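Me: I would like to learn how to read the features of a structure from its atoms. Please take them one at a time, with the rule and then the case.

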Amino acid sequence: MTVVRIKGFKIFKDRYGRMRCYHRETGQKIDLVKAPLGSAAFFTECEKITASAEANKAKAPKVGTLGGLIQSYYETEHFKNLAPATRRDYRQCADFLEPIRDTSIHTIDTPLVAGIHDKAAQKIGWRRANMLRTFLSEVFRFAIPKGLISANFATGVIPKPRPAKLAYANRPWELEECDIVLEHAPPHVKVVLAVLMNTGLDPSDALNLRRDQIDGETIWGVRGKTGVEVAIPIGPTLHAALKQAPQHDAPALLANSRGEQWTYNGFSTVWHRFKTGLEAEGLIQPGLTLKGLRHTVATTLREAGLDERRIADLLGQKTLSMARHYSRSANLAAKNRETMATLETENARRARIVKPSAKSVKPEPKGKSE
């Protein structure tokens, strides 16, 4: 029998006496039934696999380049433990840098990064440009201990300011807006909004809450974005809302009209449709967002006189390890119980002061006579 040898491929008999063939570098196999050994089809498959491997090798980031630094960062535990949304944002930043990925690390300095930052602001906007700056800062930070780069050249770049005329993306809700939305919301939507209004949780974190995260009168949660544990006492208002919520068998605390756990996209779609309907009726003003309720809780507590540290503790705005013990969180829960009591009291006080609208908060047309 003629012996066939192809560079880069291993051809052998398995323990059952059948011939096998695979590409050594990629491990890709050739089906010798469809492409018999030594046939034209076999050699064609070998050429395709070899060409594909060489093309992928050419695309791979080169050592000693910006692309190489980025690839090195992707392999760190820090990147792998980031929230999915953050990883997605960082990969989009890397996509923007793709045209200059072969830039030598020896030419990278603060002026170069500042120039990249400026160009990004022109092409993808100030917010994404600042995300790009943060991404590069993380890449450089983890490359320094490995001896891959001498300094973090992104820290000296000044972030782009938020345009003065830009509307507040997640403005706090007015108390009257909260009342109107809750009054008109379907039961399975109302309970989600009540949780957001009375905990300050990020919408995605609230929708991911499980029943077993409620221990007595406390919600034990984890911020998906940072991994920080939070202990949020359940106040009377939230307790009443949960008690009135539709019953379901899902392990999640919050469920849709079918009794299944909400997905973030699913709830966002339902919320947008519901909110748009209220706006069309003139019951609420534009600009209400789910994340705005997190700002609402923080703003209410700040205006009530609580210091920023206590508010941050409630919202999970503290850089701590995932290994934080529940005993430490328990101490935080006691302090947060006072914080939640303040929120309950302040909301009740504002409800007594605010004069309820007869039907809507639609502004009077300009120029209308009294």
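Predicted model: local features only at pLDDT ≥ 70, side-chain atom pairs only at ≥ 80, totals over all residues.

Me: How many helices and strands does the protein have?

Reply: Helices (H or I, at least four residues) and strands (E, at least two) are DSSP runs, numbered from the N terminus. By that rule the protein has 14 helices and 5 strands.

Me: What share of the residues is buried?

Reply: Buried means under 20% relative accessible area, exposed means over 50%, and partly exposed lies in between (1.4 Å probe, protein chains only). Of the 370 residues in the protein, 39% are buried.

Me: What share of the contacts joins residues 24 or more positions apart?

Reply: A contact means heavy atoms within 4.5 Å. Among contacts with a separation of 6 or more, 62% are between residues 24 or more positions apart. D102 gives a local example, in the loop between helix 4 and helix 5 (110–124). D102 is partly exposed, with a relative accessible area of 44%. Beyond its neighbours within four places in sequence, D102 is in contact with K62 and T65. The C-alpha atoms of D102 and G67 are 6.1 Å apart, although the two residues are 35 apart along the chain.

Me: Which residues have the most contacts inside the largest nonpolar core?

Reply: In soluble globular proteins, nonpolar side chains tend to be buried together. A nonpolar core is a set of buried Ala, Val, Leu, Ile, Met, Phe, Trp, Tyr and Cys residues joined through side-chain atoms within 4.5 Å. The largest one here has 44 residues, and W173, V181, V192, L193, L254, F267 and W271 have the most contacts inside it. Elements giving two or more residues to this core include helix 7 (175–184), strand 5 (229–233) and helix 14 (326–353). Helix 8 supplies the largest share, 7 residues. W271 touches W173, V181, L193, L288, T289 and L290, not counting residues up to four places away in sequence. Apart from this core lies another, of 27 residues, among them L66, Y73, I105 and F140.

Me: How many aromatic pairs are there, and how are they classified?

Reply: Rings of Phe, Tyr and Trp (its six-membered ring) pair if their centres lie within 6.5 Å; planes under 30 degrees apart count as stacked, over 60 as edge-to-face and the rest as tilted. The whole structure has 12 aromatic pairs. The ring centres of Y73 and Y90 are 6.4 Å apart with planes at 50°, so this pair is tilted. Y73 lies in helix 2 (residues 66–74) and Y90 in helix 4 (residues 84–96), so the pair ties together parts that are 17 residues apart in sequence. Both Y73 and Y90 are buried. W262 and F267 have ring centres 4.9 Å apart and planes at 90°, so that pair is edge-to-face.

Me: Which residues form a cluster with Y73 and Y90?

Reply: Y73, Y74, F79, Y90, F135 and F142 form one aromatic cluster. F79 lies in helix 3 (residues 77–80) and is buried at 3% relative accessibility. Leaving aside neighbours within four places in sequence, F79 is in contact with Y73, Y74, R87, Y90 and R91.

Me: Where does the charged end of R91 sit?

Reply: A charge sits over a ring if NZ of Lys or CZ of Arg is within 6 Å of the ring centre and within 35 degrees of the ring normal. The charged end of R91 sits over the ring of Y74, 4.2 Å from its centre.

Methods. Residues numbered from 1 in each chain as written. Heavy atoms only, no water.
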